[in-house]
Amino acid sequence: MITYQKLAKLASRFMSKSTVMKYGFNLSPMYRRTSAKVTYISKDFLTIKIKLPYSYKNANYVNTIFGGSMFSAVDPFPMTQLMNLIGDDYVVWDKAAEIFFRRPAKEDLYAEFTYTLEELNEIKQKANDNNEFEITKSTQLTNKDKSIVFCEVRKRVYIANKTFFKNKRAKKLVKN
């Protein structure tokens, strides 16, 4: 089975990694079903922006954007963005999520995902010092000018030094 990561590596030979990721998400069946679109990925991957248009495809029983659509539109980014930013020496997994609805949405929604260079350096340092730990990233779905927050999603992400993680898994397999 060809994975999204393998396809991305292949496509990166012909176009920038950020372009591959943008079109990869927008064309993948899993993300297309959310009805959201990735509108921007910076060349350095530090910023990703998405738009969740209000439409019949995501309207719920009371004609507002379905909460599941809001969540699924933002779900993959804290993990996949971080994986691409810190590289193959680390293991990154989604661990938990919470969603907090603030108000019903009957308009297009927008979200932005950012990491800073300081955050990335701290994450790598912690993974090397502590072997494994978790961070929480929050994302808000807002209107276009960011004046109204419709919901907030908090994602808990697990990060580990890859060598430590492999050894930990090997020990678990031996015990079983």
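1. The protein chain has seven helices and six strands in its secondary structure. Helices (H or I, at least four residues) and strands (E, at least two) are DSSP runs, numbered from the N terminus. This is a predicted model, in which local features need pLDDT of at least 70, side-chain atom pairs count only at pLDDT 80 or more, and totals for chains, interfaces and linings use all residues. Residues are numbered from 1 along each chain as its sequence is written, and side-chain values use heavy atoms, with hydrogens and water left out.

2. Read from the N terminus, the order of elements in the protein chain is α-α-α-β-β-α-α-β-β-α-β-β-α. The radius of gyration of the protein chain is 18 Å, close to the 16 Å from the globule rule for 176 residues, so the chain is as compact as a globular protein of that length. The radius is taken over C-alpha atoms, and the globule rule is 2.2 Å times the number of residues to the power 0.38. Along the principal axes, the C-alpha atoms fill a box of roughly 50 × 35 × 35 Å.

3. Of the 176 residues in the protein chain, 38% are buried. Buried means under 20% relative accessible area, exposed over 50%, and partly exposed in between (1.4 Å probe, protein chains only). The accessible surface of the chain is about 11,000 Å², and carbon and sulfur atoms hold 54% of this surface. Accessible areas come from the Shrake-Rupley method with a 1.4 Å probe; for residues, only the protein chains shown count as cover.

4. Contact means heavy atoms within 4.5 Å.

5. The chain carries 31 positive and 17 negative charges, and their mean positions are 8 Å apart. Lys and Arg count as positive and Asp and Glu as negative, while His and the chain ends are not counted. A charge is placed at NZ of Lys, CZ of Arg, CG of Asp or CD of Glu.

6. Helix α2 covers residues 17-27, and its buried residues are Ser18, Val20, Met21, Phe25 and Asn26. These buried residues pack against α1 (4-11), α3 (29-32), β1 (37-41) and α5 (77-86).

7. Helix α5 is largely enclosed by the rest of the structure, because eight of its ten residues are buried. The buried ones are Phe77, Pro78, Met79, Thr80, Gln81, Leu82, Leu85 and Ile86. Gln81 has a relative accessible area of 1%. Leaving aside neighbours within four places in sequence, Gln81 is in contact with Phe45, Leu46, Thr47, Ile48, Phe113, Thr114 and Tyr115. Just after α5 comes Gly87, with a positive phi of about 90°.

8. Strand β6 (residues 149-161) is mostly covered, with ten of its 13 residues buried. Two strands pair if DSSP finds at least two bridges between them. Strand β3 (residues 90-101) pairs with β6 in the antiparallel sense over eleven bridges, and Val91 has Ala160 of β6 as its bridge partner. Strand β5 (residues 132-142) also runs antiparallel to β6 and is joined to β6 by eleven bridges. Here Ile135 has Val157 of β6 as its bridge partner. The hairpin of β5 and β6 has six residues between the strands, and Lys146 in this hairpin takes a positive phi near 65°.

9. Phe101 is in strand β3. Phe101 and Gly67 are 34 residues apart in sequence, yet their C-alpha atoms are 7.9 Å apart in space. Apart from neighbours within four places in sequence, Phe101 is in contact with Gly67, Met70, Phe150 and Cys151.

10. β1 pairs with strand β2 (residues 47-52) in the antiparallel sense over four bridges. Lys37 stands opposite Lys51 in β2. The hairpin of β1 and β2 has five residues between the strands, and Phe45 in this hairpin takes a positive phi near 70°.

11. Two loop residues are worth checking for their phi values. Ser35 lies in the loop between α3 and β1 and has a positive phi of about 75° although it is not a glycine. Ser35 counts as buried, at 15% relative accessibility. Asn63 lies in the loop between β2 and α4 (67-74); the phi of Asn63 is near 65°, again positive in a residue other than glycine. Asn63 is partly exposed, with a relative accessible area of 40%.
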